[in-house]
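Here are my notes for a colleague who is opening this entry for the first time. Please read the points with the sequence and the coordinates side by side.

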Amino acid sequence: MSKSLVTSIPIQELPLWEKRDMERGLFSFELELTARCTSDCRHCYIRLPADDAHARSLELQSDEIARIADEAVSLGSLWCLITGGEPLLRKDFPEIYSMLKRKGLLVSVFTNAQCITGEHVELFLKYPPRDIEITVYGVTRETYERVTRTPGSFDAFMRGLDRLMSAGIPARLKAMALRSNVSELPEIARFCRERTKDYFRFDPLLHLRFDRDPGRNEEIRSERLSPEEIAALDTADEKRAVALRSGCADLTQSGPPADANGNHLFRCGAGNGNFCVGYAGMFRLCSALCHPDCTADLRKQNLRDIRRTLVPKVRDMRSERKEYAEACGVCPLFNLCLWCPAHAHLETGQLDGSVPYFCEIAKARANALKIEN
Amino acid sequence: MDPSNTLDSAFAPSENVVAREIEGEIIIVPLVAGMGDTDDELFTLNETGRAIWQKLDGRRSLRQVIEELATEYEAAEGEIEADVIGIIEELSRRKMVSPK
């Protein structure tokens with residue numbers, strides 16, 4: 001018998017990941033506990049009011065979540081991201097979080113920190129999360145609440161963040177870059193880096209709402225930065241620029257997509273090793289893929305069947321439009337763009353619709369990063 | 001840890017860990033902080049570790065575990081005993097198992 005019986009391994013070095021990549025097993029899922037939120041952010045793709053009784057009535061109950069999690073665990077899932085809306089709005093959050101942990105899942109939480117109570121702090125101390133990510137909308141009350149449109153939200157955010165930090169619970173801070181806070185982005189970055197030294201990221205790419213609400217979508221469009229502004233932000237951040245160049249090089253050097261006709265829609269990994277559970281039990285291959293041909297109801301179907309039947313069907317979807325096969329389907333700047341079938345559907349109603357704004361972003365980035373088109 | 005006393009004890013996994021079998025590997029997921037050298041670690045068991053772990057049910061004494069493994073693996077009890085004591089010491093130090 002050999003001597004090395006127990007091996008401790010950093011999570012990111014588990015040999016499991018490599019196996020999963022090759023065999024395309026399940027390894028993670030995203031769980032939207034609610035679409036309701038304490039804030040009313042201008043750019044939000046999902047938010048419904050905190051007191052929306054109809055939305056609340058549709059939310060998965062903890063026993064339904066337990067059943068879905070059991071299935072995900074039985075299929076090998078190791079990681080669960082709890083998100084929303086604002087997941088801590090749910091009064092049963094501690095129960096759901098503990099239940100997921102006790103199933104042997106690594107659990108991450110995305111939150112705005114505004115609802116963090118002493119009870120949450122105790123919970124996270126007892127059962128540490130894999131990580132907690134908090135979005136910082138601004139570092140002044142004026143900017144933060146310009147984005148959230150919720151008086152008192154800045155103080156609630158600072159109070160929640162302080163509760164976590166002073167208890168020694170590590171939280172990663174991140175930002176969205178939008179019209180209402182871009183002037184404060186350097187200060188936001190400094191604030192975040194002071195508190196989480198090894199980690200800060202911001203996202204300037206705003207996608208439209210899952211419910212396709214036209215009024216809210218107009219608000220999101222009005223918050224979008226211009227392609228030139230986005231490219232300037234990318235190049236001002238050396239690490240980010242290197243990552244973007246590298247991501248694009250990986251794609252351009254790997255030659256044309258597997259389907260030489262260029263009509264294959266899904267060039268991403270959606271649904272391969274992961275999936276998303278919407279707050280009302282909708283199975284999605286990724287969080288943004290809401291097209292009715294690509295979703296299933298986890299209240300009516302089991303996860304194993306959905307993964308066996310729906311996922312391969314969706315992943316094999318093709319476009320019949322020549323324009324797609326000649327443009328997005330073969331574009332070497334794919335990694336610099338927000339285009340994907342999910343976002344195309346949110347923008348145009350079609351999985352293969354083209355989105356000129358995304359094209360302009362990719363070209364501006366390629367130009368700024370000196371990537372051959 | 002005194003091996004002579006330990007061998008008569010039965011051990012069981014702590015309530016603070018969950019053992020998962022994924023892709024043929026046993027992965028021990030800590031539920032609480034402080035089990036790993038960092039909080040960013042999981043634990044895997046090799047084939048021997050896995051065979052021992054699966055017998056830690058809180059009822060069998062370690063002596064019984066050793067006898068069963070010696071039969072199943074057709075190995076000398078002394079060799080198995082060293083492995084069993086080794087893994088129990090490691091897992092006890094990390095509070096992943098405890099005597100019942």
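This is a predicted model: local features need pLDDT of at least 70, side-chain atom pairs count only at pLDDT 80 or more; totals for chains, interfaces and linings use all residues.

1. Strand 3 and strand 4 of chain B run antiparallel and are joined by 3 bridges.

2. Within strand 4 of chain B, the residue B:Thr44 has A:Thr7 opposite it.

3. Taken together, these pairings belong to an open sheet of 4 strands with antiparallel pairing, in the order 1(A)-4(B)-3(B)-2(B). Strand 1 of chain A and strand 2 of chain B stand at the edges, and each has a single partner strand, so one side of each is left without a neighbour in the sheet. If direction is ignored, neighbouring strands of this sheet are turned against each other by 30° on average.

4. The contact between the chains draws on 24 residues from chain A and 30 residues from chain B. On the side of chain B that touches chain A, at least two residues each come from strand 2 (17-22), strand 3 (25-30), strand 4 (41-45), helix 2 (47-53) and helix 4 (77-93) of chain B. Helix 4 of chain B gives the most to that side, with 7 residues. Sorted by class, the side of chain B that touches chain A holds 14 nonpolar, 10 charged and 6 polar residues.

5. Turning to chain B as a whole, the chain has 5 strands and 4 helices, and along the sequence they follow the pattern α-β-β-β-β-α-α-α-β. The radius of gyration of chain B is 13 Å, close to the 13 Å that the globule rule gives for 100 residues, so chain B is as compact as a globular protein of that length. Along the principal axes, the C-alpha atoms of chain B fill a box of roughly 35 × 30 × 20 Å.

6. Two further figures describe the interior of the chain. Among the 100 residues of chain B, 30% count as buried. Of the contacts in chain B with a separation of 6 or more, 57% are accounted for by residues 24 or more positions apart.

Definitions and conventions. Residues are numbered from 1 along each chain as its sequence is written. Chains are lettered from A and ligands numbered from 1 in the order in which they are written. Two residues are in contact if their C-beta atoms, placed from the backbone, lie within 7 Å. Ala, Val, Leu, Ile, Met, Phe, Trp, Tyr, Cys and Pro count as nonpolar, Asp, Glu, Lys and Arg as charged, and the others, Gly among them, as polar. Two strands pair if DSSP finds at least two bridges between them. The radius of gyration is taken over C-alpha atoms; the globule rule is 2.2 Å times the number of residues to the power 0.38. A residue is buried if 20 or more other C-beta atoms lie within 10 Å of its own, exposed if 12 or fewer, and partly exposed in between; C-beta atoms are placed from the backbone. Axes are lines fitted to C-alpha atoms, for helices over the stretch in contact, and angles run from 0 to 180 degrees between N-to-C directions.
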